Amino acid sequence: MSLSPTSAAPADATRAPEWGPAPTGSAGWVERAHAVANRLSLDAVERDRLGSAPHAEVRLLKEAGLVTLLAPAEHGGAGASWTTALQVVRAVSAGDGSIGQLLGYHYLWAWAARLVGTPEQIAAVEQAAGEQEWFFGGAVNPRDDDLTIRLVDGPGGQQLSFNGRKSFSTGGRVSDVTVLEGVIEGTEQHVFAIVPTEQPGLRFAGDWDNLGQRLTESGSVEIDDVRVDWASAAGYVATGTGHEFVPRVYNTLNVPLIQAVFVNLYLGIAQGALRTAATYTRGTTRAWPYAKDVKERAVDEFHVQETYGDLTARLWAAEALADRAAEHLERINAHADTVTPHERGEAAVVVAAAKQVATDVALEIGTKVFEVTGARASANHVGLDIFWRNVRTHSLHDPVAHKRAEVGRYVLLDELPAPTWYT
C-alpha cells in the first residue's frame, strides 16, 4: 500500500479539452457520466461482438475525469461521495454495462486503502492514484483458494511473495494497478496489497468468454512470486515481534459497497434497455393490424403504453431503494472509525433488498422490451440482446435467493448478516 508515484505506469491520458472544466457538485458529475454513456452507447453492440480489451474505453473514463471521482481534491480528484460514485456507475452502465462494471469495481478497489489501510498507506495510495489517474483492477475471487503468501528475503529485508491462481479477476490488462489478497503460509493472516499490473508475475489469460459483460477483463490470472514489502501490507503495523493487523468494523464494508455497485450496474443496464427499446418502438415498431382497436402507430397501442409504464414504474421504485441503500452507506462512511456492527448490518440488509429488486427488475426489462418492439427487434444488428445478456451474466455472481433470505431473517428473527465475502 506504500506504492510510490513511480512504481506503477503513469497515466497515459490527460484531461481532454473537449470535456471542459471539472463539474461542480454531484449533479454535474452524473451529467458528465451520462455524456460518457451516450458516447459508449453509439458502438456498444459492435464492441461487445468484437470483444477486444477495452483500453480506449478506460482512456475515455480517464479523459472525462470519472476515474479520479473519489480521489481527494488535493491530489487532482473530485473528492466526491460514494452516493455520487454509485449514481455515476448507474449512468455509465446505461451506455455500456461492461464499462459500468469496470468503473464500479475500480471505485471499490481504489477505496481499498481507506477500508483497511493505515493513515500513512491511505495518504500514499491516494496521492499516487489521484495524481497519476490509476485505474484499479482486482484479483480477489473468494470462491477460489486463497493466494499463498510466503515470507521471503528481499533487498531491503523481509518481503511477502504472493502466489496462486484466480479463475476470475476484473480489470485485468486494462488496469494500472491490481489488488491482491492472500493468506500468509502457515497462519490465518489475510493480507491485501496493491501492486503494479505491468509485471512478469501477473499473467492474465484473456480467457473471459461468457454470455455477457464481455469487455470487463474478467478472465483468469496466474500470480507468480509477486512481491511487496511489509509497508504495502494493508493495515499492518510493525510491532516488537513482527507485524500486526488491528481490525475494525469498517474493514468489512467492502462487501456492502460492491453489492451496491452491482445494484446500480443492473439499474443502469435496465435504463439503457428501456431507452433503446423506446427509441426503436417510436421509430420502427409497427402497430398490430389485427387488433380489435387498430392503431396507426405502435406507440398508440394500449398494451405497448401499459408495458412501458409498468416497467418504468418498477425501475423508478428500484432506483429509490438503491438510493436509500446509498444513504445508509454514506452515513457509515461519515464515521468510519466508530461504525458499529449493528450499523454495518442494517446497511447490508438494505443493500441486499436493493440487490434482489434490482436483479428482478433488470431481468424483466431485458426480456419484456422485446414484446413491445416486435419480431424485427430480435435482429442481431439491433443489439437489444446485450442488456439481458449483461444482467443475466453478472447477476449470477452470487445467488439472489440468499439476498432474499437475508432480508427475511432480519424481518422474522431480527438477525443481521454476519460479515462474509458475500454478505
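These legends go with close-up views of a predicted model.

**View 1**

**View 1**

**View 2. Ser93, a buried serine in helix H4.**
Helix H4 covers residues 82-95, and Ser93 sits within that run. A polar atom of the Ser93 side chain lies 2.7 Å from the backbone oxygen of Val89. Leaving out residues up to four places away in sequence, Ser93 touches Gly100, Asn264, Leu265, Gly268 and Ile269.

**View 3. Asp96 and Arg47 in a salt bridge.**
The two side chains meet at 2.8 Å, N to O. Asp96 belongs to the loop between H4 and helix H5 (97-110), while Arg47 is in helix H2 (residues 44-50), so this pair ties together parts 49 residues apart in sequence. Both Asp96 and Arg47 are buried. The model's count of salt bridges comes to 26.

**View 4. Asp48 and Arg389, a link between distant parts of the chain.**
Asp48 and Arg389 form a salt bridge, with the closest N and O atoms 2.8 Å apart. Asp48 is in helix H2 and Arg389 in helix H11 (residues 385-394), which puts the partners 341 residues apart. Asp48 is buried at a relative accessible area of 3%, and Arg389 is buried at 6%. Widen the view and you get a network of salt bridges linking Asp48, Arg49, Arg214, Asp385 and Arg389.

**View 5. Arg150 and Glu185, a salt bridge between a strand and a loop.**
The closest N and O atoms of Arg150 and Glu185 are 3.8 Å apart. Arg150 lies in strand S2 (residues 147-154), and Glu185 is in the loop between strand S4 (177-184) and strand S5 (190-196), so the bridge ties together parts 35 residues apart in sequence. With 37% relative accessibility, Arg150 counts as partly exposed.

Methods: Residues are numbered from 1 along each chain as its sequence is written. This is a predicted model: local features need pLDDT of at least 70, side-chain atom pairs count only at pLDDT 80 or more; totals for chains, interfaces and linings use all residues. Side-chain values use heavy atoms; hydrogens and water are left out. Helices (H or I, at least four residues) and strands (E, at least two) are DSSP runs, numbered from the N terminus. Buried means under 20% relative accessible area, exposed over 50%, partly exposed in between (1.4 Å probe, protein chains only). A polar contact is a pair of N or O atoms within 3.5 Å; within protein, one must be able to donate a hydrogen and the other to accept it, and residues adjacent in sequence count only if both atoms are side-chain atoms. Contact means heavy atoms within 4.5 Å. A salt bridge is a side-chain nitrogen of Lys or Arg within 4 Å of a carboxyl oxygen of Asp or Glu.
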